[in-house]
Amino acid sequence: MDREIMDREIIISAIKEVAAPYTQDKEALDQLGEHTSFITDLKINSANLVDIVLDLEEKFGIEIDNDSMSKMLDVKSTLDVIEGKLTEK
């Protein structure tokens with residue numbers, strides 16, 4: 001398996017784990033993929049979305065600025081931000 005694809009799958013798995021306690025729609029969580037929206041699909045409110053970002057910062061040892069945080073409304077955008085921050089480390 002391509003390393004980049006494997007890394008994305010690991011990050012998606014981590015996002016799923018972090019989002020689980022905040023998710024209203026558990027069925028949508030089971031089907032979480034790059035095109036999943038935190039607000040529309042998982043029914044996570046904006047306050048909990050901030051909690052998810054903070055949890056992801058801690059999990060990956062990264063710092064996410066407000067501009068990046070405002071883009072993290074779906075899994076793909078969140079993946080892109082995390083990968084970018086991990087590359088900067």
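This report describes the fold, the core and selected residues of a predicted model.

## Basis of the model

Residues are numbered from 1 along each chain as its sequence is written. The model is predicted: local features need pLDDT of at least 70, side-chain atom pairs count only at pLDDT 80 or more, and totals for chains, interfaces and linings use all residues, while side-chain values use heavy atoms, with hydrogens and water left out.

## Overall fold

The protein has five helices and zero strands. Helices (H or I, at least four residues) and strands (E, at least two) are DSSP runs, numbered from the N terminus. The pattern along the sequence is α-α-α-α-α.

The C-alpha trace spans about 35 × 30 × 20 Å along its principal axes. The radius of gyration is 12 Å, which agrees with the value near 12 Å for a compact globule of 89 residues. That radius is taken over C-alpha atoms, and the globule rule is 2.2 Å times the number of residues to the power 0.38.

Buried residues make up 38% of the 89 residues. Buried means under 20% relative accessible area, exposed over 50%, and partly exposed in between (1.4 Å probe, protein chains only). The protein exposes about 5400 Å², and carbon and sulfur atoms supply 49% of it. Accessible areas come from the Shrake-Rupley method with a 1.4 Å probe; for residues, only the protein chains shown count as cover.

Contact means heavy atoms within 4.5 Å. Among contacts between residues at least 6 apart in sequence, 50% join residues at least 24 apart.

## The nonpolar core

The largest nonpolar core holds 25 residues; Ile15, Phe38, Ile52 and Leu56 touch the most other members. H1, helix H2 (26–30), helix H3 (46–60) and helix H5 (75–88) each supply at least two residues of this core. H1 gives the most, with six residues. Such a core is a set of buried Ala, Val, Leu, Ile, Met, Phe, Trp, Tyr and Cys residues joined through side-chain atoms within 4.5 Å.

Leu56 has contacts well beyond its sequence neighbours. Leaving aside those within four places, Leu56 is in contact with Ala14, Ile15, Val18, Ile62, Met72, Thr78 and Ile82.

## Helix H3 and its ends

H3 has 15 residues and reaches 21 Å from its first C-alpha to its last, close to the 21 Å expected at 1.5 Å a residue. The expected span is 1.5 Å times one less than the number of residues. The buried residues of H3 are Asn48, Leu49, Ile52, Val53, Leu56, Glu57 and Phe60. An α-helix has 3.6 residues a turn, so residues three or four places apart point the same way.

At the start of H3, a side-chain oxygen of Asn45 reaches to within 3.2 Å of the backbone nitrogen of Ala47. Gly61 follows H3, with a positive phi near 65°.

## The loop between H2 and H3

Thr36 lies in the loop between H2 and H3. Thr36 is buried, with a relative accessible area of 8%. Its side chain reaches the backbone nitrogen of Gly33 at 2.8 Å. Leaving aside neighbours within four places in sequence, Thr36 is in contact with Gln31, Asp41, Leu42, Asp74 and Val75.

Lys43 lies in this loop between H2 and H3 too. Lys43 counts as partly exposed, at 47% relative accessibility. Lys43 has a positive phi of about 60° although it is not a glycine. Most residues other than glycine have a negative phi.

Glu17 lies in helix H1 (residues 3–19). At 52% relative accessibility, Glu17 counts as exposed. A polar contact of 3.3 Å joins the side chains of Glu17 and Lys59. A polar contact is a pair of N or O atoms within 3.5 Å; within protein, one must be able to donate a hydrogen and the other to accept it, and residues adjacent in sequence count only if both atoms are side-chain atoms.

Lys85 is found in helix H5. Lys85 is buried, with a relative accessible area of 12%. A polar contact of 2.9 Å joins the side chains of Lys85 and Asp65. Not counting residues up to four places away in sequence, Lys85 touches Ile62, Glu63, Ile64, Asp65 and Ser68.
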